[in-house]
Structure formats: structure tokens, C-alpha cells
Amino acid sequence: MHFSPSYTILIVGLGAIGTVFATLLKNAGHRIFALTREKQLADFRQRKLQVTGIWGEHEAQLDGLYNSTAPLQPVAFDFIFLTVKSYDTESVIRQLKPLIRDSTVVITAQNGYGNYELVSETIGREHALLAGVYFGAKLSSPGLAEVTVLADKVQIGQPHNAVPQERVSGITAAISAAGIPAVHATDVYAALWDKIIYNSALNPLGAILECNYGKLVAHPETRWIMDQIINEIFQVARAHGIVLRWSSPQAYYEHFYSRLLPPTIQHFPSMYYDVQAGKRLEIDALNGAIVKLAHEKAIKVPVNETITGLIKVKEAMIRRDG
């Protein structure tokens with residue numbers, strides 16, 4: 001499969017994941033622009049980004065950095081990476097709408113449920129791709145990201161086959177060639193739910209207890225809580241007709257505890273870093289989304305509901321104190 005050596009790409013959000021994509025894709029020869037908040041522009045005066053960690057050291061200078069879409073309207077973007085927090089998706093995709101041309105696709109590379117749904121409803125499925133990101137990264141400072149762990153390749157696809165497969169394969173090949181392992185996943189929606197289960201079990205607990213994944217696994221009490229979170233998600237998925245890659249919670253446990261967790265035991269969840277920074281937390285796209293979907297089917301999910309409530313209180317406390 002041949003792909004363009006010079007895609008024009010917009011990265012929306014320069015957190016850890018956005019910084020990694022921007023830096024490595026720029027070094028691979030693509031034109032890279034970025035959109036960030038106005039208050040963060042001063043942190044990127046030279047438009048320079050750096051990546052360290054398990055993929056080595058990389059540095060790149062962006063082709064353009066803006067806090068508004070207006071200066072970007074003359075640019076024909078091949079694809080746009082959406083890496084903002086889930087609670088910003090609605091406002092951001094509306095801003096991006098004028099940039100969408102016939103051949104432009106927006107790739108949602110975010111945590112949780114609802115981002116792809118919102119993007120595809122706003123700009124059309126034919127312009128929307130879904131990416132499951134399975135490498136971990138943390139932001140050491142603005143523009144400096146450290147890649148800490150690789151659990152699996154980035155999985156990219158179109159859940160409704162609304163984008164030609166050769167187009168998806170070309171984008172995937174370009175990302176892989178940049179040094180970010182990626183694969184075209186025809187079952188990408190099931191892959192998204194794999195990640196929702198994983199993150200819902202680990203992310204909020206790691207934030208509440210302020211610990212890494214290894215410590216969560218080490219205690220039978222937290223293992224029990226994680227098991228109940230997973231059980232409830234399977235109930236909700238079945239009620240909504242959502243196809244998962246696993247036939248039962250027990251089948252998922254085996255994969256979760258033996259395959260997913262061992263390489264990531266030193267990893268801290270992104271929600272933990274958001275707590276440390278006093279930021280808003282993404283619980284509504286994880287356990288909070290499970291609670292909402294459960295209520296639609298009159299299903300009781302007490303553990304997910306409790307976790308959601310605890311995170312909302314923690315968020316209120318850290319934001320008030322900060």
C-alpha cells in the first residue's frame with residue numbers, strides 16, 4: 001500500500017498523546033499544525049516539541065501553532081487528530097467544522113465513550129475515524145512528552161465502513177512509518193470498548209488512591225472492585241447490543257490480569273496526573289458513561305455509580321482547593 005510522504009495534519013490538543021503524534025509525524029516528513037488554548041501559546045513560542053522515553057529522543061518544530069481555526073481555513077488538511085479531553089469534544093468539533101473538506105477525516109484518539117459518536121454526528125461518518133491508543137505517555141512540561149509504555153498498537157478504523165479502506169490503510173501506514181505502531185482495525189468499535197473497560201477499571205481507582213496500576217492489582221480489595229466494574233460494563237454492553245471482543249467478564253479477566261496489566265504495573269493513569277494538576281476529570285466518558293447507559297436500560301451498576309460519585313467529589317475538592 002502506497003501512501004503520501006507529505007500529509008498535511010492538524011493536531012488538536014498538545015497534551016502527552018498529541019505531542020507524541022505531532023513530533024513523530026513531523027519528523028517523518030509531514031506538515032504538522034497544532035491547535036491549542038490561548039493561555040498555552042506562550043509555552044510554545046518556538047513551536048518546538050520533544051519526545052523522550054521508550055521510543056528514543058525526538059525533537060520537531062511545528063509548521064504552525066494557533067489558538068483559533070480562522071488562520072487555518074486556507075489549509076487543506078488530510079487528517080485531523082483530536083486528542084483533547086472528552087469534555088471538550090463538542091465545542092472543539094464545532095470549531096473544526098469549517099476546516100473539513102471532502103477528503104478530510106477527523107481521527108478521535110481520546111479516552112472513553114461518546115467522542116466518535118459526537119464527531120460523526122457533527123461532520124458525518126464519512127469524515128470520522130476512531131483510534132484506540134494503547135501507548136502511555138506523560139507530559140513532563142509543555143511540549144515535552146515521555147512515552148512510558150506500549151501495551152498494543154494504535155488501532156484505527158471506521159465503525160460503519162463509511163471511509164474507504166484504502167484511505168484508512170494509508171493513514172495507518174503513515175503513522176506506523178513515523179514510529180508509532182498502528183494497525184487498521186475493522187473491529188475498531190469493539191477495540192474502543194476494550195479500552196473503555198480497561199480505563200474504567202483502572203483510571204479512577206488510580207486517581208482516587210493516587211497509585212500506579214501495580215498497587216491496584218496487589219490488593220484483593222481493589223481487584224474485587226475492578227472485577228465488579230468489569231462485570232457491570234458487560235451487563236450494560238449486552239443490554240445495548242454492543243459487541244465486545246470477549247464472550248464473558250471471566251474471559252476478559254484472563255486477558256486483563258495476565259496480558260494487559262503486567263507490562264503497565266509502573267504506569268499511573270492519566271486521571272492521576274489530572275488530579276495532581278488540579279484539572280477537570282474525564283469520568284463522564286468512562287464510568288459515568290456506563291452509569292448513563294445503564295439508566296437507559298434500567299440496569300443497576302452500583303460500583304460504577306459509586307466510583308463516578310467519588311471522582312466527582314475528588315474533582316470538586318481539588319478544583320476548589322486549587
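The following legends describe close-up views of a predicted model.

**View 1. Strand S6 and its side chains.** Strand S6 spans residues 79-82, with Phe79 and Phe81 pointing one way and Ile80 and Leu82 the other way. All four of these side chains belong to buried residues. In a regular strand, side chains alternate between the two faces of the sheet.

**View 2. Strand S6 with its partners S1 and S7.** Strand S1 (residues 8-12) pairs with S6 in the parallel sense through four bridges, and Ile9 has Phe79 as its bridge partner in S6. Strand S7 (residues 105-108) also runs parallel to S6 and is joined to S6 by four bridges; here Phe79 stands opposite Val105. Together with helix H2 (residues 89-96), S6 and S7 make a right-handed β-α-β unit.

**View 3. The aromatic pair of Tyr113 and Trp193.** Of the 17 aromatic pairs found in the whole structure, this one is tilted, at 5.8 Å centre to centre and 50° between the planes. Tyr113 lies in the loop between S7 and helix H3 (115-123) and Trp193 in helix H5 (residues 188-209), so the pair ties together parts that are 80 residues apart in sequence. Tyr113 is partly exposed at 26% relative accessibility, whereas Trp193 is buried at 0%.

**View 4. The aromatic pair of Tyr272 and Tyr273.** The ring centres are 5.2 Å apart and the planes stand at 75°, so the pair is edge-to-face. Tyr272 is buried, with 16% relative accessibility; Tyr273 is partly exposed, with 29%.

**View 5. An aromatic cluster and a charge over a ring.** Ring pairs link Tyr198, Tyr213, Phe234, Trp246, Tyr252, Tyr253, Phe256 and Tyr257 into a cluster. Arg223 lies over the face of Tyr257, at 4.0 Å from the ring centre.

Terms used: Residues are numbered from 1 along each chain as its sequence is written. This is a predicted model: local features need pLDDT of at least 70, side-chain atom pairs count only at pLDDT 80 or more; totals for chains, interfaces and linings use all residues. Side-chain values use heavy atoms; hydrogens and water are left out. Buried means under 20% relative accessible area, exposed over 50%, partly exposed in between (1.4 Å probe, protein chains only). Helices (H or I, at least four residues) and strands (E, at least two) are DSSP runs, numbered from the N terminus. Two strands pair if DSSP finds at least two bridges between them. A crossover is right-handed if, with the strands pointing away from the viewer, the path from the first strand over the helix to the second runs clockwise. Rings of Phe, Tyr and Trp (its six-membered ring) pair if their centres lie within 6.5 Å; planes under 30 degrees apart count as stacked, over 60 as edge-to-face and the rest as tilted. A charge sits over a ring if NZ of Lys or CZ of Arg is within 6 Å of the ring centre and within 35 degrees of the ring normal.
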